[in-house]
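Have the sequence and the 3D view open side by side, and follow along.

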Amino acid sequence: MRCARVRKSLTAYLDSELPADLCQEMATHLQCCTSCRQSWTRLRQLDGLMRVAPAVALPDGFSERVLSRARQRDANPRPAERASLPLIGRWKSLPLMQRAAAAAVLITGITTGVLMGWQTGGKQSAQARANSAAFDDPVVVFNLDYLSSDPDGSLPRAYLSLVSAQKGPGE
Ligand SMILES: [Zn+2]
């Protein structure tokens, strides 16, 4: 079983949604793959935190306000919200401040992802160096393959393809 498939199936594995034979393959892979085992440990830690986190009380009338806004938008969708609009079109139709905010969020996310991946990659450098092909692949080094589960045309997928395209011609 390949690492990318294991990473994609971790959530389903955690939720006991996988067939028995796949569960066995996952367990076997997680026993011998340090990188996937770290992702598995992080996911379980996150799940544990989510389970003990206190429920946040919503302000009075919150649900009604959200539903009312949703109905208004359903009735009068703005051009930027039309699903048929491609990514670039949606980007161009955003007001300047929203574009700046989206760019800031994207840059922060990329920086955080790279720093987190760099820390993880640093810890794994001995193992990664042993496999020079994997060490040269930023997707492997920075553990970015979880981004591949996002839909086509999304910002994470665009970032992933950008990073993948920077690999050498020998890859
Ligand atoms: Zn693996």
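## How the start of the chain packs

The buried residues of H1 pack against H2 and helix H3 (34-52). Please keep in mind that this is a predicted model.

**The chain as a whole**

- The chain contains 10 helices and zero strands.
- Read from the N terminus, the order of elements is α-α-α-α-α-α-α-α-α-α.
- There are 171 residues in the chain, and 8% of them count as buried.
- Taking the contacts with a separation of 6 or more, 51% join residues 24 or more positions apart.

**Helix H1 and its buried face**

- H1 is made of 12 residues and spans 16 Å from its first C-alpha to its last, close to the 16 Å expected at 1.5 Å a residue.
- Which residues of H1 are buried? They are Val6, Arg7 and Leu10.
- Viewed down the axis of H1, these buried residues fall within an arc of 100°, so they line one face of the helix.

**H1 against H3**

- A handy reminder first: two packed helices are described by the angle between their axes and the distance between the axes.
- The axes of H1 and H3 come within 10 Å and cross at roughly 25°.
- Angles under 35 degrees count as roughly parallel, and H1 and H3 are therefore roughly parallel to each other.
- Their crossing, that of H1 and H3, is right-handed.
- On the H1 side, the contact is made by Cys3, Val6, Arg7, Leu10, Thr11 and Leu14. On the H3 side, the residues are Ser35, Cys36, Ser39, Trp40, Leu43, Arg44 and Asp47.
- Val6, Arg7 and Leu10, the buried residues of H1, are among the residues that touch H3.

**H1 against H2**

- For H1 and H2, the axes come within 11 Å and cross at roughly 120°.
- The crossing of H1 and H2 is left-handed.
- Val6, Ser9 and Tyr13 of H1 make this contact with Leu22, Cys23, Met26 and His29 of H2.

- Is Asp47 buried or exposed? Asp47 is exposed, because 12 other C-beta atoms lie within 10 Å.
- Asp47 and Leu14 are 33 residues apart along the chain, while their C-alpha atoms are separated by 8.9 Å.

- Ser16 sits in the loop between helix H1 (3-14) and helix H2 (20-32).
- Although Ser16 is not a glycine, its phi is positive, at about 55°.
- Ser16 counts as exposed because it has 7 C-beta neighbours inside 10 Å.

- Helix H4 covers residues 62-75, a run of 14 residues.
- H4 reaches 20 Å from its first C-alpha to its last, close to the 20 Å expected at 1.5 Å a residue.

Terms used
Residues numbered from 1 in each chain as written. Predicted model: local features only at pLDDT ≥ 70, side-chain atom pairs only at ≥ 80, totals over all residues. Helix = DSSP H or I, 4+ residues; strand = E, 2+ residues; numbered from the N terminus. Expected span 1.5 Å × (residues − 1). Buried ≥ 20, exposed ≤ 12 C-beta atoms within 10 Å, placed from the backbone. Contact = placed C-beta atoms within 7 Å. Arc of directions from axis to C-beta. Axes fitted to C-alpha atoms, helices over the stretch in contact; angles between N-to-C directions. Parallel < 35°, antiparallel > 145°, perpendicular 65-115°, else oblique. Left-handed = near helix turned anticlockwise from the far one by under 90°.
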